[in-house]
Amino acid sequence: MSPEREAPYFSVHKRWAEASQFKDCRSAMFKNFKTLFRTKPQTPTMSFVDSVLGEFAFDNDLGWKKRIDFGNGEAELVIGSDGEIPTDEMIQTARFWTENWSSEKPRILNYIRKELELEEWTFEPDLPIPDRFTLQSVIVLWPDAPNTSMIYLDYPGDEIRSWHVTFNGTTPRGFAYDD
């Protein structure tokens with residue numbers, strides 16, 4: 001393309017990009033205003049009771065939670081919420097993990113083993129031995145993604161990293177840690 005033709009071409013695309021950024025900015029601003037003025041559900045004053053899982057107490061930071069026996073020890077079960085009662089799908093996801101933990105745990109540990117073999121973990125110090133993990137909590141995350149959950153695992157001697165596997169349904173989608 002000749003220099004005379006390039007200038008208008010790039011000028012048009014530059015203006016389009018600037019307009020696009022403005023549109024993104026307006027969109028973000030609108031979302032922020034909507035969040036600011038949106039009424040949140042009132043904090044529940046009563047517990048939530050599921051016929052299978054039992055009684056949950058509401059935690060303002062997490063949602064509905066309780067300690068539950070997963071077959072090889074107690075762990076926390078959390079159903080994410082801003083105060084609304086969990087959806088049937090969220091309850092089904094929570095029930096799945098409580099009813100199937102002993103059969104799912106070996107599959108999860110195999111997934112972690114495979115993940116730790118990936119190159120991205122090469123430089124990570126003190127990698128865990130998957131068989132030493134113990135269940136800390138199962139969190140069903142959001143009402144708008146009721147099949148999405150995270151399994152948090154404790155590792156003996158690792159007080160800094162909080163290991164977890166993210167699931168879409170029963171399919172693992174990521175292994176990582178928070179520090």
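Two strands count as paired if DSSP finds at least two bridges between them. In this predicted model, strand S3 (residues 63–69) and strand S4 pair in the antiparallel sense. Seven bridges join S3 and S4. The two strands form a hairpin, with four residues between them. Gly71 sits in that turn and has a positive phi of about 100°.

S4 covers residues 74–80. How many of its seven residues are buried? Five are, so S4 is largely enclosed by the rest of the structure. Buried here means under 20% relative accessible area.

S4 also pairs with strand S5 (residues 134–142). These two strands run parallel and are joined by four bridges. The table sets out the two pairings of S4.

| Strand paired with S4 | Sense | Bridges | A facing pair |
|---|---|---|---|
| S3 (residues 63–69) | antiparallel | seven | Lys66 in S3 and Leu77 in S4 |
| S5 (residues 134–142) | parallel | four | Glu76 in S4 and Ser137 in S5 |

Glu76 stands opposite Ser137 in S5.

**The crossover from S4 to S5**

Helix H2 spans residues 88–116. S4, H2 and S5 together make a β-α-β unit. Which hand does this unit have? It is left-handed.

The loop between H2 and S5 holds Asp126. Asp126 has a positive phi of about 50°, although it is not a glycine. Most residues other than glycine have a negative phi. Is Asp126 buried or exposed? At 66% relative accessibility, Asp126 counts as exposed, because the cut-off for exposed is over 50%.

**The cavity**

Rolling a probe the size of a water molecule over the atoms shows where empty space is left. The structure holds one cavity of 30 Å³ or more. About 40 Å³ of space lies in the largest cavity.

Which residues line the largest cavity? They are Trp101, Lys105, Ile108, Leu109, Phe133, Thr134, Leu135 and Leu153. H2 and S5 are the elements that give two or more residues to this lining. H2 gives the most, with four residues. By class, the lining has six nonpolar residues, one polar and one charged.

**Drawing it together**

S4 pairs with S3 in the antiparallel sense and runs parallel to S5.

Definitions and conventions. Residues are numbered from 1 along each chain as its sequence is written. This is a predicted model: local features need pLDDT of at least 70, side-chain atom pairs count only at pLDDT 80 or more; totals for chains, interfaces and linings use all residues. Side-chain values use heavy atoms; hydrogens and water are left out. Buried means under 20% relative accessible area, exposed over 50%, partly exposed in between (1.4 Å probe, protein chains only). A crossover is right-handed if, with the strands pointing away from the viewer, the path from the first strand over the helix to the second runs clockwise. On a 1 Å grid over the protein atoms alone, a cavity is a set of points where a 1.4 Å probe fits but cannot get out, and a pocket is an open set with protein on both sides within 12 Å along at least five of seven lines; lining residues have an atom within 4 Å of a point. Grid points are joined across faces, edges and corners, and a volume is the space filled by probe spheres set on the points. Ala, Val, Leu, Ile, Met, Phe, Trp, Tyr, Cys and Pro count as nonpolar, Asp, Glu, Lys and Arg as charged, and the others, Gly among them, as polar.
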